[in-house]
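Please read them alongside the sequence and the coordinates.

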Amino acid sequence: MRWRLRGAWQWPAYALLTVLDAVILHELPPGSESVDFVPGLIVASFGNLFLMGVVAPWLGKRLAQREQAHEGNGIPLSVRTEVFKDRSAAALLVIATLGLLITGVANRPLKVNETERLERNADLFSAFVRQEAPDEIVRNIETANTIRIEEGFFRTCVNYDDRTRVWCAFVDVDAKPPLVRKDPSTLPNQEFKPR
């Protein structure tokens, strides 16, 4: 009985860490987009159940057999296996949560930095349009679309009234001072191929 109680960590860890995983997926997503809490809870539940139902039993059995071979102190292998399965599941859940957290934290500065660059691009391009573009382009500024050519370097285009022609500019937000110049090409961003 004492051995069974020592292995009673799996389900409390599952309940706590599944909720924590869902919060991490929402607040610090490892990908480019945040996940709502309820879908994150569902994803975390299935991921954690996989660890508990597939990986932990295999690992627990191997650990129990290894300890039984070395110690063999009269504790039945089935009890030993159950305890090691439980401990393995709890450890795997903690490792998975830590991995998710580290990935989310590592991804955060990159996303914030790229978002700041895009905002800076929009500000610089808007100012350039007001100063340099024909009235037709100023009037259609809401049709602006941007592609990232490389880090900190963008191409932003605005449609003319007929929507078949575009007016574009390159924006280098990392240059000191930032550089904005008209692109002589009239290809829309969908057809533009950076050299």
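**Notes on the model**

1. Arginine 117 counts as buried, at 13% relative accessibility (buried is under 20% relative accessible area, exposed over 50%, partly exposed in between, with a 1.4 Å probe and protein chains only). The model is predicted, so local features need pLDDT of at least 70 and side-chain atom pairs count only at pLDDT 80 or more, while totals for chains, interfaces and linings use all residues. Residues are numbered from 1 along each chain as its sequence is written, and side-chain values use heavy atoms, with hydrogens and water left out.

2. Arginine 117 forms a salt bridge with aspartate 174, with the closest N and O atoms 3.2 Å apart (a salt bridge is a side-chain nitrogen of Lys or Arg within 4 Å of a carboxyl oxygen of Asp or Glu). Arginine 117 lies in helix α4 and aspartate 174 in the loop between β3 and β4 (179-183), so the pair ties together parts 57 residues apart in sequence. Helices (H or I, at least four residues) and strands (E, at least two) are DSSP runs, numbered from the N terminus.

3. The side chains of glutamate 151 and arginine 117 also meet in a salt bridge (3.0 Å, N to O). Because glutamate 151 lies in the loop between β1 (145-150) and β2, and arginine 117 in helix α4, this pair ties together parts 34 residues apart in sequence. Glutamate 151 is partly exposed, at 48% relative accessibility, and aspartate 174 is likewise partly exposed, at 35%. Salt bridges with shared partners join Arg117, Glu151 and Asp174 into one network.

4. One disulfide is found in a search of the whole structure (a pair of cysteine sulfur atoms within 2.5 Å). It joins cysteine 157 to cysteine 168, S to S 2.0 Å. Cysteine 157 lies in strand β2 (residues 153-159) and cysteine 168 in strand β3 (residues 166-172), so the link ties together parts 11 residues apart in sequence. The link is right-handed, with 110 degrees about the S-S bond, and both cysteines are buried.

5. Helix α3 (residues 37-70) has 34 residues and reaches 46 Å from its first C-alpha to its last, close to the 50 Å expected at 1.5 Å a residue (the expected span is 1.5 Å times one less than the number of residues). α3 bends by about 40 degrees at alanine 56, and proline 57 follows within four residues; the bend is the angle between axes fitted to the seven residues ending there and the seven starting there.
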